[in-house]
Amino acid sequence: MSRKPIVAVVGRPNVGKSTFFNRIAGRRISIVEDTPGVTRDRVYAECEWLRYNFTLIDTGGIEPSSTDVILSQMRDQAQIAIDTADVIIYLCDGKYSYTSADEEIAQMLRVSKKPVVLVLNKIDVYNKPSHFYDYYNLGLGEPLMISSVNAMGLGDLLDEVVKLFPEDILLEEEEDAIKICFIGKPNVGKSSMVNKIIGENRVIVSDIAGTTRDAVDTPFTYKDQKFVLIDTAGIRRKSKVNESIEKYSVLRALAAIERSDVCFLMIDAVEGVTDQDKKVAGYAHEAGKAIVIVVNKWDLLEKDNHTFNDFTKKVREELAYMTYAPVVFVSALTGQRVTQLLEQAVYVANNHALRISTGVLNDILNEAMALNQPPSDKGKRLKIYYATQCGVKPPTFVLFVNVKELAHFSYVRYIENQIRKNFNYEGTPIVFKVKQRG
Ligand code: GDP
Ligand code: GDP
């Protein structure tokens, strides 16, 4: 499957990043709206332009307190954009000429060789300001002029952005490698785990020429199965970005999730499931990825014969919407059960790509409806005429019904459970689309 490109917006405070973001983003993504216990967050949005879908990320939004802080935060923003984005929008305040901070950030972006679109915002009246030509000095090409407030120039800008999407990610790739990523908060043990896995001598790390993309990912083979570890260079070299700013580690996770098939969600055995874990878990769930919950640092717990069950129960409660995800207890330090992880990855990746025939699916559907009648409202009863699986990764089903509004969440959930009882979709979310048939 091709993946969605990521576009990042970078710029000094007050140049209009939020205003711009809200203009472009049709729908700002929080997380699983109906999921209790999951914090809303506003760092990214799913966007559509022409025939392209892409993810827009907002690297700004942390209030800097003084000018020297501004510069260091901008460096962090730019680094995150360089590490995660396919195209970077560098937004400047078009009312004025560029500043020395702009100069420094432009230099960073240039060196990165990532495609950058330089944009002058706040050009509310279409007129080239006298300082327009100054901006050529940033070495990022000709600036585009927009007004976020008046929604001017946005179409031309998006045309330019989609032109810069790298072709390899837009092409349908026939891939036999399973792309996996480790996500989780700082210090949970991501680097240790990656190093442990790569360090295992049965793992053969492929040697490939260093393009930017390759420097970030690590392809390897284990028992004849090809894998790619996503964002591992970023994890292994320990990013220069201040990871203690939670938003940055969340953005990094987001980008890794987008590019993977299987997400290993790492939880610290000592700390349990934290709010930040829930946030990141929500992204993986919403992105429809195969998921394994990996409880790391298992060596640090004093265990008795309840520990395992108690911990599992806690995880199930805290991450109630992903009961489908297997839970594994490991130690990157001692290596306990680490080899199981790759087997789990193969297992959930297979389930993620599982397709069931329409015939068998409808047998299950009919049985489910006989067992538990569809709901009715004001004398009208829901009828599900038939169902079909229209996609994989994640498994996606269409239910054709008489009245869409009658297909309540709880009944769809019931159907989901019946399907899960009959087929092995462990480790993968399942998506339902409800369509009305006249
Ligand atoms: P951020 O800090 O980069 O996210 O900037 P904001 O989006 O919060 O905008 C900072 C200020 O610039 C706000 O007062 C906005 O209303 C204003 N602003 C944003 N875009 C435009 C624009 O296109 N034209 C004008 N005149 N003002 C703008
Ligand atoms: P990252 O920030 O998620 O990449 O976390 P690191 O891999 O850098 O690990 C953070 C700290 O936790 C380091 O001091 C590791 O040695 C330690 N650590 C990682 N995994 C384990 C584990 O399974 N058990 C114990 N006891 N310590 C671990």
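## How helix 13 meets helix 14

Helix 13 crosses helix 14 in a right-handed sense. The model is predicted. Helix 13 covers residues 358-371, and helix 14 covers residues 409-422. Their axes lie 10 Å apart, at an angle of about 125°.

Which residues of helix 13 meet helix 14? They are Ile364, Leu365 and Ala368. On the helix 14 side, the partners are Ile415, Gln418, Ile419 and Asn422. By class, this contact has 5 nonpolar residues, 2 polar ones and no charged ones.

## Helix 12

Helix 12 runs over residues 338-352, a stretch of 15 residues. From its first C-alpha to its last, helix 12 reaches 21 Å. That is close to the 21 Å expected at 1.5 Å a residue.

Which residues of helix 12 are buried? Val338, Leu341, Leu342, Gln344 and Ala345 are among them. Val348, Ala349, Asn351 and His352 are buried too.

## Backbone exceptions

Most residues other than glycine have a negative phi, and most peptide bonds are trans.

Take Lys113. Its phi is positive, about 65°, although Lys113 is not a glycine. Lys113 sits in the loop between helix 3 (100-112) and strand 6 (116-121). Is Lys113 buried or exposed? Lys113 has 10 other C-beta atoms within 10 Å. The cut-off for exposed is 12 or fewer, so Lys113 counts as exposed.

Arg337 also has a positive phi, near 60°, and is a residue other than glycine. Arg337 lies in the loop between strand 14 (327-329) and helix 12. Arg337 has 14 other C-beta atoms within 10 Å, so it is partly exposed.

Then there is a cis peptide bond. Which residues does it join? It joins Lys393 and Pro394, with omega at about 5°. Pro394 lies in the loop between strand 17 (384-391) and strand 18 (396-401).

## The whole protein

The protein has 14 helices and 19 strands. Of its 438 residues, 40% count as buried.

Methods:
Residues are numbered from 1 along each chain as its sequence is written. Chains are lettered from A and ligands numbered from 1 in the order in which they are written. This is a predicted model: local features need pLDDT of at least 70, side-chain atom pairs count only at pLDDT 80 or more; totals for chains, interfaces and linings use all residues. Axes are lines fitted to C-alpha atoms, for helices over the stretch in contact, and angles run from 0 to 180 degrees between N-to-C directions. Helices (H or I, at least four residues) and strands (E, at least two) are DSSP runs, numbered from the N terminus. A crossing is left-handed if the near helix is turned anticlockwise from the far one by less than a right angle, and right-handed if clockwise. Two residues are in contact if their C-beta atoms, placed from the backbone, lie within 7 Å. Ala, Val, Leu, Ile, Met, Phe, Trp, Tyr, Cys and Pro count as nonpolar, Asp, Glu, Lys and Arg as charged, and the others, Gly among them, as polar. The expected span of a helix is 1.5 Å times one less than its number of residues. A residue is buried if 20 or more other C-beta atoms lie within 10 Å of its own, exposed if 12 or fewer, and partly exposed in between; C-beta atoms are placed from the backbone.
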